[in-house]
Amino acid sequence: SADTLHIRREAQTGPPQVGEYSLAYPRAKEREEALNFEWSGLDSADFALRSVQLGSSTRHGVFLPAPASVVFDVTVPTGARLDMDAVVLPPELQDGRSSDGAVLSIELEDGSGWKTIDQVSLKVGDWDKVGVDLPDVAGGKAQLRFSAEGGEADLFDYVFLAEPTLYVPTAAPRRVLMVFIDTLRPDHMGFYGYERDTTPKLDSWAEKAHVFENARSVAPWTLPSARAAFSGHQPEAWGAVSTVQEILAGAGWATGAFVGNIYLSSNFDMSGGWSHHSVINWPVAKIQVREVERFLKRNKDRDAVAMLHLMDMHLPYEEPFRYRNIWAGKAPAGLHDRALRGSILKAEKKESEAVRSWLKARYDQNLRYLDDTLSKLFEDLGEEVPVVIFSDHGE
């Protein structure tokens, strides 16, 4: 799992002895070396400007292992604000030692000498939101310097600044919500003609929407179809063409993706263009919605696009308890509420029609759960926010 390794042992009594097992994980060693300039094999720019993963999130920004500093030539518009999240990254290889914290200094040079405009103490593993209004600069041209200094130990002081952004706040920022529902079939939705009342609230929403009746996926699984959806090209072109998130990020938008499928993770080169990219393996919808709401709140004075990815329509179906008996009833022999593919195929050999009927009902109950969850989110966002609902493949 995310933080547990299970090992099947030979039949023995008692726990393993100390040193009986050892784990070799070369990727962790590579990642640790990448945090040290001399071992990384990178030039200064690629070393400083990078992506990092902390917990479930991949963030893009500036890496400053203290003591270090970086200077940017910037144009400072009237009323400008600087915003970022900052943290001291924990080391990849845990041996009991850790940083004792670091200090981030932000300085501005406008032709009259360097001036400190903010100074923040940072802790290991705890994101600190850093925001400061910048003074007006005659002519607008200036230099901006970020400096990181370690604590007394000066050890593992891996300072990272996520998405440092210079912008002019607006009282009416634009919003776009992309709702990516994994494994959703159109023929189980009311506004596509389904007989069950699976999407009553989305049906009402769709009355004012453009509903596409001839949409096709390029593949029956997530990775290639998602690459085609975000790029507008065949999946083989990934990496050589622009994506919708890259285009919006280039225009100054905050871009956040909150996904629940490993194929949409940075492991598969899917985090590019998203300033905040979070992966939680197989979350329920309410968790993902909460993440999106936090992202939009954090960017309350900036244009922002959020991509909400939902796994509720994918086996194993795990709709909340109050949705469990809308249509499904008792599970057929050999199955239980959390049915996995293997047990389903085995049970289907004995009671094909009963198993299929029960599975479709479970699928529909998850869709009814999403109908309630999404309609509440749409209501909170307001009718002026453009919303796109799409899927990668059916079930």
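Which element gives the largest share of the lining of the largest pocket? In this predicted model, local features need pLDDT of at least 70 and side-chain atom pairs count only at pLDDT 80 or more, while totals for chains, interfaces and linings use all residues. Residues are numbered from 1 along each chain as its sequence is written, and side-chain values use heavy atoms, with hydrogens and water left out.

On a 1 Å grid over the protein atoms alone, a pocket is an open set of points where a 1.4 Å probe fits, with protein on both sides within 12 Å along at least five of seven lines, and its lining residues have an atom within 4 Å of a point. Two or more lining residues each come from helix H1 (26–34) and the strands S1 (49–54), S2 (57–65) and S12 (276–279), where helices (H or I, at least four residues) and strands (E, at least two) are DSSP runs numbered from the N terminus. The largest share, five residues, comes from S1.

The second largest pocket holds about 1300 Å³ of space, and among the 37 residues that line this pocket, Trp205, His210, Val388, Ile389 and Phe390 are the closest to its centre. To the lining of the second largest pocket, S14 gives the most, with four residues.

Note on methods. Grid points are joined across faces, edges and corners, and a volume is the space filled by probe spheres set on the points.
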